[in-house]
Amino acid sequence: MRRPVPWAVGSVVALALALWPVLGAGAQVRRQVPPAAEEARQLFITGCSSCHGLDGRGTDRGPTLERSGAAAAFYYLSTGRMPLTADDQPKRKDPAYGPEQIELLTAYVASLGDGPPVPEVDPSTGSLQEGGVLFRAQCAACHSAAGIGGALSYGGYAPPLTEAEPEQIAAALRVGPGNMPLFGPESLDDEEVASIVRYVRYLQKAPTPGGGRLGGAGAIPEGFVAWVFGMGACLAATVWIGAKRAGRRRA
Amino acid sequence: MTPEPGRHARPSSRQAYLAIVAALSLSICAGLGLAVVYATGGQAQLEGVLLSVSLLGIGVGLVIWAQRFLPDDEAEEARKPLGSAPEDVAAFTAELERGEEAIGSRRLLVGLIMGGLGALGLALVFPIRSLGPRPGRGLFTTGMAPGRRLVTAEKEPVRPEDIPIDGVLTVWPEGHEDEADSSTLLIRVEDESLFTEPARLEWTVGPVVAYSKLCTHTGCPVGLYQAEEHLLLCPCHQSTFEVLAGARPVFGPATRALPQLPLGVDDEGFLVATGDFEGPVSAGFWDRDR
Amino acid sequence: MSDGEEAKEKRPSKIARTGSFVDDRLGLARVARTTLRKVFPDHWSFLLGEVALYSFVVLLLTGTYLTFFFKPSQAETTYEGSYEALRGVEMTRAYRSAVELSFDVRAGLVMRQMHHWAAVVFVAAMVVHLARVFFTGAFRRPRELNWIVGVTLLLLGIGNGFTGYSLLDDQLSGTGLRIAYSIVLSIPVVGTWITSLLFGGEFPGPDIIERFFVLHILVVPALIIGLLVLHLAMVVHQKHTQFRGPGRREDNVVGERIWPTYAVKASGLFFLTTGVLAALGGLAQINPIWIYGPFEPSEVSAASQPDWYVGWLEGALRAMPAWEVRAFGYELPNPFFAGVLLPGLTFGLLYAWPFLEARLTKDRDEHHLLDRPRDRPLRTALGVATLAFYAVLFLAGGSDVLSTEFGLSVNKVIWSIRISLFVVPIVAGLVAHRLCHDLASRDAEPPDDPSEPPSGGHSTDPASAAEEPEHDEGIQPISWPPPVTVSRTGHPPAHPLGS
């Protein structure tokens, strides 16, 4: 999906920042800084630098952002995983920044190094069937075939994919956030990414022709239902049938 | 029957009768409804509910009928002794022995009959042998061989530089992509200096290392690669393997490392196997060490 | 004769005429009447076996239907039906026929789901029934043989459930099949041979689906049906056990005659059970194989669990520490302990229990009166402890799902389970033991008002029985202390309180 305006803003900011040393070289007077770039820097300093460093090269509390690129910044910020509010694995929550601020920060982080750009992805150009085949081959091992997520070691987890937006999915594939491996263009080309995105979006609202989905978690809720509802109802039936009335005559 | 007093007011017989009528009528309606739903294309939830109602209606009707309108007199039956009377047992034993004596008096014939039946029984077992091949060396070998290229599911060969850092790729030996025991994980770490014993450094190609994808516990594909921690996690029983240290197990029930595959590069720069895995892949078996 | 004369003569009904036809040739009138008059003690807990039986009937009926559509073939094909996400995808014929059943056969999905729900409820009902038999001591002489038949039925039910869901050749069941293969492989000396013969080679082999098909629709159902007939025949021949109560002794059966009431009630239970299964079949999605995808040996999904009745085995595999035995170039691989030894011990103990208990209590008398669980604190405690042990194993089987659901480290969950496997059964057993004693002593306490009979009991004095206030429906009150009866051997029975 295209978003021309934020790209324009981002490009201007990136250009401004790239030309900064040239523009400001040798001058002691107050420089004319485009307001968007300044705002982006301020956002970064306030929200990110304490862990990622003022120059984005990392501290002992957070990694360098040189290779993150716009894709990683967009992924982490738009899913609310960054800024971190706790020490464990970043988790999806409401984003701390609005869409415009995310654009600014994304561009700023992109300017810090040479990481991948936010991928443009149109799910409708992907193949649902191929997406399913690829998803089950590459993604289901961690995220489960139904996309409900899965456990990793030592408290980590692969998150459920129920709320993921198309660009977030594509960005995650290209960035390999956290424990997720990185899928570069040689392993998944753009068309395959679009297919996977299409399939993940399909899973989010997949039809359940058999009735209640039971959480998509397989045999565990199924066993629970079998015992509580199936066996429970049958037990109730046996108790009802076996109930005796008093005053029975001997015959 | 007159209503009986008690803590709970019980339905009168008229109410019970009406309840049965209602249940059975509901059942009939549900049955007809089911026919309609089916004829008009079917829908799983409606089919299930209507079938259920038609069955439950009959069930409820029958139970109320039995409880309210059928005799519920208590009856008694004597238990006869289960064992037979001694004289019956004696008579049976005597009868049996008489016949046994008649048959068994010809010792040689009895022996030969036993021998014949025994041999026949043995022979009948042999077709079981035709069910499958002898285990042989199949469990000890895979489709990997020196010089064989490693290809992806799309049957394309791989160059080590094509794998991104923190990337993982599943590959098979070229020409043997259908062999279930040959699936292999190619992993690229940040730098080759990270590898430690017991990983064989001579078997890596720079920062790219290859291990069997099949867990050494019960053979599930070890599909979870935790890139940050360089751990391979098997989703079946949570066996965990350290990629940097020869994929040795660090948690879970697996007792052996994932066998490493010796890697090389051919003339065109594609990754090849330079031999088979360092040991039998997948789950263990009795004589695996031989 | 003319019509008018026939009407006056009251011609025998069609049923009567058919009956005569059969009886003239087989002479069954006497046997038939005896059967109709047979007495069955009526307690709700005696109906649990019937729930299992009726679930099995549903399995047979729905299973026969499914057999007309399912193709047990591992040949490669592509799906071209109405489920869009799999159209054009390569898969085996077996998986394709399962997807077609679910989407392209009208009412096929309900049949498939009813079949699967019936299977899980079938095993659950057998377990509940087994528990009832265990906790009431109904397995004691002369019913040890029937106990053995029953445990075999449980084993066969679990086995057929496994082969059944493995037939579909989807990713989830294929993963389970690989695990089963590895477990069999771990058997010493013959493991590699058995797997090679069963699978026709190395995993997955070209034949396993067809072979499972034969086992699932022919061999095991035939065995189950045969054993069921034996099981029911023995119950009829030995007569059902009964709880203690007024007029109930070791040498009689008090209850309801089969005809008409018991038969109608039993039929009612049949319809109720099948109705419950039909509701589940339509309203609760089970085993959505189209989401799991066709089986690929190099792929796997997170959150892979088998059906509940295999869950304890799965849990044991996960909880087991990384032990294996290696000596002289041979090894006992790790899956052997959880996958072969544990089930072997489980079922071995189950089979042996009636004989073990008889030896431990030195009680070899015939018993037709049942214990209440509280009468046998030790047996009850052991049973509860065992159930608790397997409950913890079930939890272990879902360790990864538990971890993600509750935000825990799966490693810590496994460690907690390893500890719980020792602690929880002991605690549960002790609690059960305590509860038994408390309940039993409460029953034996004299009531506050000396003129009232003991709580929960009818007085055995016939004079006072007539004046007793009527009880509402509920479980038949049991007299306490139990009347002393004399067994066949002429000795009083062993003391009812265990230890």
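# Briefing on chains A, B and C

The centres of domain 1 and domain 2 of chain B, taken over C-alpha atoms, are separated by 60 Å. The model is predicted. In chain C, the C-alpha centres of domain 1 and domain 2 lie 42 Å apart.

**Chain B: overall form and surface**

- The domain assignment places domain 1 of chain B at residues 11–69 and domain 2 at residues 150–273.
- Chain B has a radius of gyration of 36 Å, whereas a compact globule of 290 residues would have one near 19 Å.
- The C-alpha trace of chain B spans about 95 × 75 × 45 Å along its principal axes.
- Four helices and eleven strands form the secondary structure of chain B.
- Of the 290 residues in chain B, 45% are buried.
- Contacts in chain B between residues at least 6 apart in sequence include 55% that join residues at least 24 apart.

**Chain B: two buried residues**

- His230(B) is located in the loop between β6 (224–226) and β7 (231–233) of chain B.
- The relative accessible area of His230(B) is 10%, which is under the 20% limit, so His230(B) counts as buried.
- Beyond its neighbours within four places in sequence, His230(B) is in contact with Val189(B), Glu190(B), Tyr225(B), Phe241(B), Glu242(B), Val243(B) and Leu244(B).
- Val168(B) belongs to strand β3 (residues 168–173) of chain B, and Val168(B) is buried, with a relative accessible area of 14%.
- When residues up to four places away in sequence are not counted, Val168(B) touches Leu185(B), Leu186(B), Ile187(B) and Tyr225(B), together with Pro181(A).
- Val168(B) and Gln226(B) are 58 residues apart along the chain, and their C-alpha atoms are separated by 9.9 Å.

- Chain C contains 18 helices and six strands.
- The domain assignment of chain C gives domain 1 as residues 2–32 and domain 2 as residues 37–301.
- Buried residues account for 55% of the 499 residues in chain C.
- Among chain C contacts between residues at least 6 apart in sequence, 75% connect residues at least 24 apart.
- Chain C has an accessible surface of about 22,200 Å², and 68% of it belongs to carbon and sulfur atoms.
- Arg141(C) and Pro142(C) are joined by a cis peptide bond with omega of about 5 degrees, and Pro142(C) sits in the loop between α6 (108–135) and α7 (144–167) of chain C.
- Another cis peptide bond, with omega of about -10 degrees, joins Phe203(C) and Pro204(C); Pro204(C) lies in the loop between α9 (191–199) and α10 (208–238) of chain C.

**Chain A: an enclosed helix**

- Helix α7 (residues 166–175) of chain A is largely enclosed by the rest of the structure, because ten of its ten residues are buried.
- The buried residues of α7(A) include Pro166(A), Glu167(A), Arg174(A) and Val175(A).
- Also among the buried residues of α7(A) are Ile169(A) and Leu173(A).
- These buried residues pack against α4 (69–78) and α8 (190–204) of chain A.
- Gly176(A) follows α7(A) and has a positive phi, near 65 degrees.

- Most residues other than glycine have a negative phi, and most peptide bonds are trans.
- Ser144(A) is not a glycine, yet its phi is positive, about 75 degrees.
- The loop between α6 (128–143) and β1 (150–151) of chain A holds Ser144(A), and Ser144(A) is buried, with a relative accessible area of 2%.
- Leu214(A) is likewise not a glycine and has a positive phi of about 55 degrees.
- Leu214(A) is found in the loop between α8 and α9 (219–242) of chain A, and its relative accessibility of 24% makes Leu214(A) partly exposed.

Methods
Residues numbered from 1 in each chain as written. Chains lettered and ligands numbered in written order. Predicted model: local features only at pLDDT ≥ 70, side-chain atom pairs only at ≥ 80, totals over all residues. Heavy atoms only, no water. Rg over C-alpha atoms; globule rule 2.2 N^0.38 Å. Buried < 20%, exposed > 50% of the residue type's maximum accessible area, 1.4 Å probe, protein only. Contact = heavy atoms within 4.5 Å. Domains from an automatic or database assignment. Areas by Shrake-Rupley, 256 points an atom, 1.4 Å probe, with all protein chains shown as cover.
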